Amino acid sequence: MWYRVCQKLLLFSLLLLATFSSITLADTHQPPERIVSINLCADELLLLLADPKQISALTHLSHDEGASYFQTKALPYPTTTGLAEEVLPFKPDLVIAGEYGGIQTVNLLKKLGVRVETLPLANNMQQVFGNIELIAKLSGHPERGAEIIKTMQERLAKLPAANPQAPLAAVYDPNGYTVGPESLRGQSMRLAGWRNAGELAGVRDYGSLDLETLVRLQPDALIDSPYTINTYSRAEALSKHPALRGAQLNPHIISVPSNMTICDGPWIMDTIETLQHERLNLSQPRTSE
Amino acid sequence: MNYRWLLISLSLLVFCLFCLSLVVGRDPLPIWQAANEVFTDHRSVLAIILTEIRLPRALIALFAGATLGLCGAAMQGLLRNPLASPDLIGSSSGAALCAVIVLYFGLQSISAQMLPLSAMLGALIATGLVFALAGRDASITTLILAGVAVNALATSAMSLLLNLAPSPYAMRELVLWTMGDITDRSMDDFWLMLPFTLIGWALMLGVGRQLNALTLGEETAASLGVRPSWIRWRIFIAIAFAVGATVATTGMIGFIGLVVPHLLRPLVNYEPARLLPAAALGGAAMLLTADIGVRLIPTESAIKVGVLTALVGAPFFLYLILRSRKEHV
C-alpha cells in the first residue's frame with residue numbers, strides 16, 4: 001500500500017516537474033482508470049471523451065432525462081449523490097467536481113488524498129472549448145478533445161455574420177430569468193444571429209427580465225428551456241399575462257430542451273443551429289411583407 | 001423523575017445515537033469490519049469512511065446539538081422567556097451573514113478555515129452589537145428588541161447578497177449553506193470548532209445557581225448576591241463563542257435550542273441549573289436523531305438537517321403558543 005502511495009507521489013512530482021520544465025512527459029503518464037464525477041456537466045463531458053472503462057461513477061442527475069444530454073449513455077454506470085462516503089468505495093484516482101456546490105466534500109476528499117479537479121462554468125465558447133480540452137486532457141485523450149473542438153469551430157465558421165437588423169429575442173426562464181451577452185446562452189443567441197433583449201435591458205451575464213421591460217422591448221421571440229413539461233409554474237403562466245397579450249405581443253416561443261442548456265458541450269452547436277433555423281423561419285415572412 | 005437517572009438515561013441515549021450515527025448512511029457500513037480495519041489497515045476505504053467521514057459527522061452533531069440545547073436553556077433561564085433561543089440575540093444570523101459574505105466573494109479559496117473563522121467573528125460582532133444597542137443595564141425587553149433588530153439587519157444583509165448573487169449557481173450554493181447541514185465535514189472542521197465550543201461551555205459552568213436565583217426576579221436575585229448584568233454578559237459571550245463555532249461548521253440549524261429545553265423542563269422540576277446539562281444532552285440527542293433521519297429519508301437530493309429540525313420544530317412552536325394562551329386564560 002505504502003509503495004503504491006509513494007509511487008503515486010513520485011508520479012505526481014514527476015508530472016509537476018514536467019509541467020514546470022515544460023517537457024511533455026504527460027504522454028507517458030498513465031491516464032486515470034477510476035474517474036468519479038460529482039458534477040453533472042463533468043458527467044456529460046466524460047461520457048463524451050473518456051473510455052467507458054475509465055468511468056467508475058457519475059452523478060444521479062446523469063440518469064435524469066431532463067438534465068442529462070447523454071442520459072441513455074449514462075444508464076449503465078453506477079451513480080452517487082456526490083457524498084464523500086459514496087465516492088470513496090470506488091477508490092477513484094480522479095474525482096471531477098463542479099465550481100459551485102460541495103466545497104465541504106471537495107475539501108474532505110482532498111484532505112483524504114484523493115485527486116480532485118474542478119470543472120469551471122463556461123460563460124462563452126472559448127470556455128466551452130477550454131472545458132472540453134480540460135476533460136480530454138484529464139482523461140488522457142487530448143486528441144479526442146482537439147478533434148471535437150475542430151469540428152465545432154468548422155460549424156461556427158459556417159454561421160452567417162451578425163446582422164444589425166436581426167430580430168430580437170430574449171431568454172425567458174421561470175421567474176423571468178434571462179441572460180446577457182457575457183453568458184454562454186447569450187453568446188449562442190448572438191452567434192445564431194439574434195439580438196438579445198436581455199442585453200438591451202442592461203443584463204451583463206445573468207439577470208431577470210420584468211414584464212414591463214418585456215412589453216417595452218417587444219421581442220420577436222422568447223427562448224425557454226422547460227425542465228419538466230406539464231408542471232405548474234407561476235413564471236410560465238406569466239407569459240400568458242394580459243399585459244403581454246394586450247400589447248399584441250405574441251412572441252414566437254422557441255423551446256430548447258433543458259438537457260442541452262444546463263451543461264455545455266459540443267451540443268451547443270445544435271442549439272445555435274436550431275436558434276439560427278428559427279430565426280430564418282421567422283424573418284423570411286417578415287421581409288417579404 | 002430522579003435527576004441523576006435522567007442524566008444517565010439521556011447520556012445512554014446520546015451514546016446509542018452516536019454509535020448508530022456511525023453505522024447509518026446511504027449505504028450501511030459493516031461496522032465491525034470497518035472498526036477492525038481501522039486497526040489493521042487504516043488506509044482501507046471502510047476505515048477511512050468510518051474515521052474520516054462518519055466520525056467527524058457524528059462528533060459535530062454531538063457537539064453542535066449540545067451547544068444549541070445548552071445555549072437555548074441558558075437563554076430561556078436568563079431572559080425568563082420560554083420563547084428565547086440563541087437565534088433571538090442575533091448570534092446565529094450574524095455568524096451566517098459573515099459565512100455568506102465569505103462564500104459570496106469566494107474568500108474560502110484563500111483558506112478552508114476562512115469560513116468558520118469569519119462566522120465566529122460574525123457571531124461575536126452581532127452579539128457585541130446587541131450589547132451596544134441595549135446598553136449596560138438593559139432590561140430584558142430592550143435586550144430582546146435589540147436582538148430582533150440585529151437579527152433583522154443580518155438577515156436582510158444576507159438576502160441582499162443572495163439577491164445580488166452573480167449567477168443562479170452561486171445563489172444556490174449560498175441558499176443551501178444557510179439551510180444547515182453536516183455532511184462531509186472533516187476532522188479538521190471538528191478540531192477547529194472544538195476549542196471555541198469548549199470556551200463557550202466553560203463560561204457556562206456555574207451559572208446555573210445564579211439562574212436559579214434569577215427565577216425569583218432580578219431584584220430578589222440581586223439581594224441574594226447575583227449581579228444580573230454580569231451574568232448576562234457572561235452568558236452572551238458564551239453563546240457567541242459556542243453558537244458561532246457551531247453555525248460556522250453546520251450552517252443555521254434552528255429550533256433545537258427552543259424545543260429541547262421545553263421538553264426537558266418538567267423533568268427537572270423547572271429548575272434552570274439542572275436544566276442546563278440535561279438540555280445539552282437532549283440537544284445532542286435531537287441533532288444526532290435528525291442527522292440520522294436525513295440519511296434514512298430516501299430523497300434524490302439529500303434533505304438538509306436544518307430543514308428537518310425546522311419542520312419538526314415549527315409545529316412545536318405553534319403548540320407552545322397555544323398552550324401558553326390556555327394557561328393565561
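**Strands, core and contacts**

Mentor: Strand E2 (residues 55-59) of chain A is joined to E3(A) by two bridges, and the two run parallel. Helices (H or I, at least four residues) and strands (E, at least two) are DSSP runs, numbered from the N terminus. This is a predicted model, in which local features need pLDDT of at least 70 and side-chain atom pairs count only at pLDDT 80 or more, while totals for chains, interfaces and linings use all residues. Residues are numbered from 1 along each chain as its sequence is written, and chains are lettered from A and ligands numbered from 1 in the order in which they are written.

Trainee: Which residue stands opposite A:Thr79 in E3(A)?

Mentor: That residue is A:Leu58.

Trainee: What is the order of the strands in the open sheet of chain A?

Mentor: Strands of a sheet pair through backbone hydrogen bonds, either parallel or antiparallel. Two strands count as paired if DSSP finds at least two bridges between them. Here five strands with parallel pairing follow the order E3-E2-E1-E4-E5. Strand E3 (79-80) and strand E5 (116-119) of chain A are the edges, each pairing on one side only.

Trainee: Which strands does H6(A) lie across?

Mentor: H6(A) lies across strand E4 (94-98) and E5 of chain A, and runs at about 160 degrees to E5(A). Axes are lines fitted to C-alpha atoms, for helices over the stretch in contact, and angles run from 0 to 180 degrees between N-to-C directions. Two residues are in contact if their C-beta atoms, placed from the backbone, lie within 7 Å.

Trainee: How many residues has the largest nonpolar core?

Mentor: A nonpolar core is a set of buried Ala, Val, Leu, Ile, Met, Phe, Trp, Tyr and Cys residues joined through C-beta atoms within 7 Å; buried means that 20 or more other C-beta atoms lie within 10 Å of a residue's own. The largest core has 165 residues, and among those with the most contacts inside it are A:Ile135 and B:Ala95. Helix H3 (residues 45-79) of chain B gives the most to this core, 20 residues.

Trainee: Why does this core lie between two domains of chain A?

Mentor: Domain 1 (31-155) and domain 2 (162-288) of chain A both give residues to the core, so it lies between them. The domain bounds come from an automatic or database domain assignment.

Trainee: How many residues does each chain give to the contact between chain B and chain A?

Mentor: Chain B gives 25 residues and chain A gives 23. On the side of chain B that touches chain A, H3(B) has the largest share, six residues.

Technical notes. Buried ≥ 20, exposed ≤ 12 C-beta atoms within 10 Å, placed from the backbone.
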